[in-house]
Amino acid sequence: VNAVIPDEVAGLLASGKEEAAGESLRDYAERLARAEPGRGIEWSRKASSAPFDHPLFGAYVRWATGIVHHLTGEPTRAENDLTAAATGMTRCGRPDLADRASLLLIDCYGEQLRLDQARKLARRLEQSFTRRGDTERGAVALANLACAEDAADRVDRARTLWRRALRAMEPGSLRHLLARANLANVAALGGRFSQAAQDHHEVAAAARDLGLDNLALHAELNLAETEFAVGQVEAAFGRWQAVIEAARVEGDIGMELVAEVDLATAETEVGELDLARTRIARSLPRLREAGLLHDEARALRLDAVLEAAHGRFDRWREVATALRGPEMQLQRDLLTVDMAQLDPTSEPTPIVRAARRLAAAGLHHRALLGFAWAGERYLDRGNRRAAKRYALSLIH
């Protein structure tokens with residue numbers, strides 16, 4: 001127990017301040033997971049097996065480990081921890097704390113594209129917080145659901161939810177700025193790039209004024225993507241480099257590596273394949289060491305595409321094997337569609353299956369790409385009937 005509890009938390013617990021100790025531990029776990037994801041994962045494993053005599057504090061520990069698993073890209077483990085934390089808090093007569101811990105469950109369901117569960121839980125939590133007069137946290141439930149809808153490419157639903165959430169949040173607060181940042185992303189997806197760029201600039205400036213450097217860097221990342229989308233390639237590349245340097249100085253390895261993968265993706269799109277390969281080769285072991293599973297999967301997919309662009313198609317099969325487990329099914333399907341464009345030997349049947357799963361998940365654009373390339377591969381094999389069927393499905 002002493003090995004996993006910081007001194008300040010242990011002091012609060014020894015003084016009988018169980019809830020204050022739990023809140024302090026939760027904050028500690030979040031800071032650790034953001035700054036040093038690898039250490040965060042190691043800490044969460046030790047904490048999960050440590051015995052605690054205080055039931056409410058034990059539930060807080062599960063909440064803290066759930067936060068770590070969520071931030072390091074392990075939604076299934078996070079879900080298990082957060083469910084256990086909410087159950088423990090309810091048994092201790094604290095349904096208010098159980099609802100707070102459950103807010104992050106909406107994100108976990110969204111990451112796994114289990115939208116029905118995310119919607120049901122979000123509705124329940126919004127009503128529960130509103131009954132207690134906590135409209136701010138009710139708005140957080142809506143914002144978390146908006147993130148889940150956005151992850152499933154349901155942009156219109158997400159936009160409506162973020163706007164509702166924004167009206168209930170305190171202007172200038174961290175939550176308010178996060179909702180504004182997400183609305184700016186939606187504007188970019190809708191092709192309103194000037195509006196998106198202006199909003200990202202404003203969010204970055206407001207975040208710096210509040211001392212929220214991490215959010216400011218996130219806004220700069222989003223701004224770089226907007227600039228790249230409208231063809232301001234040099235400006236976008238310079239901004240990505242600036243984010244990488246700033247994150248390196250601040251010791252924010254997570255932000256640094258996300259920016260590296262974003263920049264490598266952009267380099268690939270403009271044909272700078274050697275630069276992208278070097279960047280990915282340098283980033284992959286660091287992503288693995290940091291425990292950033294989602295971004296490691298993105299980097300692995302990009303690595304497979306880069307190898308295939310040089311005529312080496314075996315790598316993508318290795319990557320597909322590495323992306324094992326049900327939580328990586330979406331990444332495997334995206335990889336299958338990526339490779340369908342590059343590998344003329346790819347079989348159409350797995351492409352169709354991947355495209356159907358992507359469509360079911362709400363990733364309609366990627367699903368259509370999959371069906372289009374499946375039709376092309378059927379045509380390559382002389383199966384004109386199947387090729388025509390998928391061509392017609394695209395039209396309708």
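Predicted model: local features only at pLDDT ≥ 70, side-chain atom pairs only at ≥ 80, totals over all residues.

Colleague: How do you know that the span of helix α16 agrees with its number of residues?

Modeller: Helix α16 covers residues 293–309, which is 17 residues, and at 1.5 Å a residue these should span 24 Å.

Colleague: What makes you call α16 mostly covered?

Modeller: A residue counts as buried when its relative accessible area is under 20%, and 13 of the 17 residues of α16 are buried.

Colleague: Turning to the aromatic rings, why is the pair of Y28 and W43 called edge-to-face?

Modeller: Rings pair when their centres lie within 6.5 Å, and by this rule there are six aromatic pairs. In the pair of Y28 and W43, the centres are 5.9 Å apart and the planes stand at 75°; since planes over 60 degrees apart count as edge-to-face, that is the name the pair receives.

Colleague: What makes this pair a tie between parts separated in sequence?

Modeller: Y28 belongs to helix α2 (residues 18–35), whereas W43 belongs to helix α3 (residues 37–49), so the pair ties together parts that lie 15 residues apart in sequence.

Colleague: Is W43 buried or exposed, and how do you know?

Modeller: Its relative accessibility is 7%, which falls under the 20% limit, so W43 counts as buried.

Colleague: What makes the pair of F228 and F237 stacked?

Modeller: Their centres are 6.2 Å apart with 10° between the planes, and planes under 30 degrees apart count as stacked. Both F228 and F237 are buried, and together with W240 they form one aromatic cluster.

Colleague: How do you know that the charged end of R26 sits over the ring of W63?

Modeller: The charged end of R26 is 5.0 Å from the centre of that ring, and the distance limit is 6 Å.

Colleague: Why are α6 and α7 called roughly antiparallel?

Modeller: The axes of helix α6 (residues 95–111) and helix α7 (residues 115–131) come within 9 Å and cross at roughly 155°. Angles over 145 degrees count as roughly antiparallel, and the two helices are therefore described that way; α6 passes α7 in a left-handed crossing.

Terms used: Residues numbered from 1 in each chain as written. Heavy atoms only, no water. Helix = DSSP H or I, 4+ residues; strand = E, 2+ residues; numbered from the N terminus. Expected span 1.5 Å × (residues − 1). Buried < 20%, exposed > 50% of the residue type's maximum accessible area, 1.4 Å probe, protein only. Lys NZ or Arg CZ within 6 Å of the ring centre and 35° of its normal. Axes fitted to C-alpha atoms, helices over the stretch in contact; angles between N-to-C directions. Parallel < 35°, antiparallel > 145°, perpendicular 65-115°, else oblique. Left-handed = near helix turned anticlockwise from the far one by under 90°.
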